[in-house]
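Here are my notes for a first look through this one. Have the structure open while you read, and take the points in order.

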Amino acid sequence: MQAIRCVNYGAPSTLTLEELADPAPKPGQVVIETEAAGLGYVDALLVAGLYQVKTPLPFTPGSEVAGIVVALGEGAPEALMGKRVMALSPVGALAERIALPAAACIPVPATMSAEAAAGFIVSYCTALYGFETCGHLKPGETVLVLGAAGGVGMAAIDVAKAMGATVVAAASTEEKRNAAMARGADFAIDYTAPDWRKTLEPLTGRRDVDLVYDPVGGDMSETGFRCLAPGGRHLVVGFAAGEIPRIPLNLPLLKRSSIVGVDWGGYVRADPAANIPLLRTLTDWASDGRIAPEPSASFPLAQAPSVLQRLLDRESIGKPVIHFRR
């Protein structure tokens, strides 16, 4: 089988396309014939050796996969054979086949494409967990999404709209803002402009927002927090800007607002069963058309290094997916 391999940490351009032996399933595992693999910023950091945890070399990048179960290990449920599934794995998705625990496999709804499924679990579960469990989002509230044109931001727009919110998308270029509007945002603002807070009221009729969804960090976070209304919630999702912000604690005090960490990964590691209702809600919404998780772009396996580089450079729009069309 073909697979993308990281032999040394560095620029994604150093990745190689290699021939490897097909994996054999261990007890409790299945082998998935990959139809699509989703890529994210963390995948690019792992290749560059810049993530907080280094993956032992050599390895196959990619942590989100969708495909068809083609082999079962001892003890794996026979009902999975031939089924379309999506799953998460620390690494290994950029390969034509991958062996994973059967318990990690989630059925793909008939209405969802492999490309949509491959980019679905992390971004959409994080968004629903953030808005529902952490942010207690109510219909009619206004959400400001920072980094709105990335895969995480696009999923946040989709989920917030499904929950009845008004969404203000903040992004750095006109192309990105247009993409966020196309995804369903009600308004879009340029958060690289001076005094960008002042652009809220002319658009929305109000000077503040109820929630901030923040996967960016850096200088944007404090300004985003200052946009909150009293009782607002600033949802900390990540630090794509590379810098962890230091918000003065007098701001939460004076604004009577909260800073809430959204660590979906930690949430499901502590209680794996807690993710079942999240996924059930999201797959129901996808089947009913309330959310549209189709990726913004799909690329062949050979282009995975350039896709990872664009993620590292924060040039990617939406969730990129690698397809394995045969």
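**Notes on the model**

1. Helix H4 gives the largest share of its lining, three residues. Both H3 and H4 (151–162) supply at least two lining residues each. Keep in mind throughout that this is a predicted model.

2. How big is that cavity, and what sits around it? The largest cavity has a volume of about 110 Å³. It is lined by 14 residues, and Tyr124, Arg183, Pro293, Glu294 and Lys319 are the closest to its centre. Sorted by class, the lining holds six nonpolar, five polar and three charged residues. If you go looking for others, the structure holds one cavity of 30 Å³ or more. As background, rolling a probe the size of a water molecule over the atoms shows where empty space is left.

3. Now step back to the whole chain. There are eleven helices and 15 strands in its secondary structure. The C-alpha atoms fill a box of roughly 60 × 40 × 35 Å along the principal axes. For 326 residues, a compact globule would have a radius of gyration near 20 Å, and the chain agrees because its own value is 20 Å. Of the 326 residues, 52% are buried.

4. Is H3 enclosed or open? It is largely enclosed by the rest of the structure, because eleven of its 14 residues are buried. You can check them one by one: Ile121, Ser123, Tyr124, Cys125, Thr126, Ala127, Leu128, Tyr129, Gly130, Phe131 and Cys134.

5. H3 is followed by His136, with a positive phi near 50 degrees, although His136 is not a glycine. His136 belongs to the loop between helix H3 (121–134) and strand E8 (142–146). Asp195 is another case: its phi is positive too, about 55 degrees, and it is not a glycine either. You will find Asp195 in the loop between strand E10 (187–190) and helix H6 (200–204).

6. While you are checking the backbone, look at the peptide bond from Leu57 to Pro58. It is cis, with omega near -15 degrees. Pro58 is found in the loop that runs between helix H1 (41–48) and strand E4 (64–72). Why flag these spots at all? Most residues other than glycine have a negative phi, and most peptide bonds are trans.

7. Next, the second largest pocket. About 170 Å³ of space lies in it. There are 13 residues in its lining, with Met1, Thr60, Gly92, Arg97 and Ile98 nearest the centre. Which element gives the most to this lining? Strand E6 (residues 97–101) does, with four residues. By class, the lining of this pocket divides into eight nonpolar, three polar and two charged residues.

8. A few single residues are worth a click. Thr34 is in strand E3 (residues 29–38). Is Thr34 buried or exposed? Its relative accessible area is 0%, so Thr34 counts as buried. A polar atom of the Thr34 side chain lies 2.8 Å from the backbone oxygen of Ala95.

9. Glu115 sits in helix H2 (residues 114–118). With a relative accessible area of 15%, Glu115 is under the 20% cut-off and therefore buried. What does Glu115 touch, leaving aside its neighbours within four places in sequence? Its contacts are Ala36, Pro295, Ser298, Val321, His323 and Arg325.

10. Last, Ile276, which has its place in helix H10 (residues 275–288). Ile276 counts as partly exposed because its relative accessibility is 45%. From C-alpha to C-alpha, Ile276 and Pro90 are 20 Å apart in space, while 186 residues separate them in sequence.

Definitions and conventions. Residues numbered from 1 in each chain as written. Predicted model: local features only at pLDDT ≥ 70, side-chain atom pairs only at ≥ 80, totals over all residues. Heavy atoms only, no water. Buried < 20%, exposed > 50% of the residue type's maximum accessible area, 1.4 Å probe, protein only. Polar contact = N/O pair within 3.5 Å; in protein donor to acceptor, adjacent residues only side chain to side chain. 1 Å grid on protein atoms, 1.4 Å probe; cavity = no way out; pocket = protein on both sides within 12 Å on 5 of 7 lines; lining within 4 Å. Points joined across faces, edges and corners; volume = space filled by probe spheres on them. Nonpolar A, V, L, I, M, F, W, Y, C, P; charged D, E, K, R; others polar. Contact = heavy atoms within 4.5 Å. Rg over C-alpha atoms; globule rule 2.2 N^0.38 Å.
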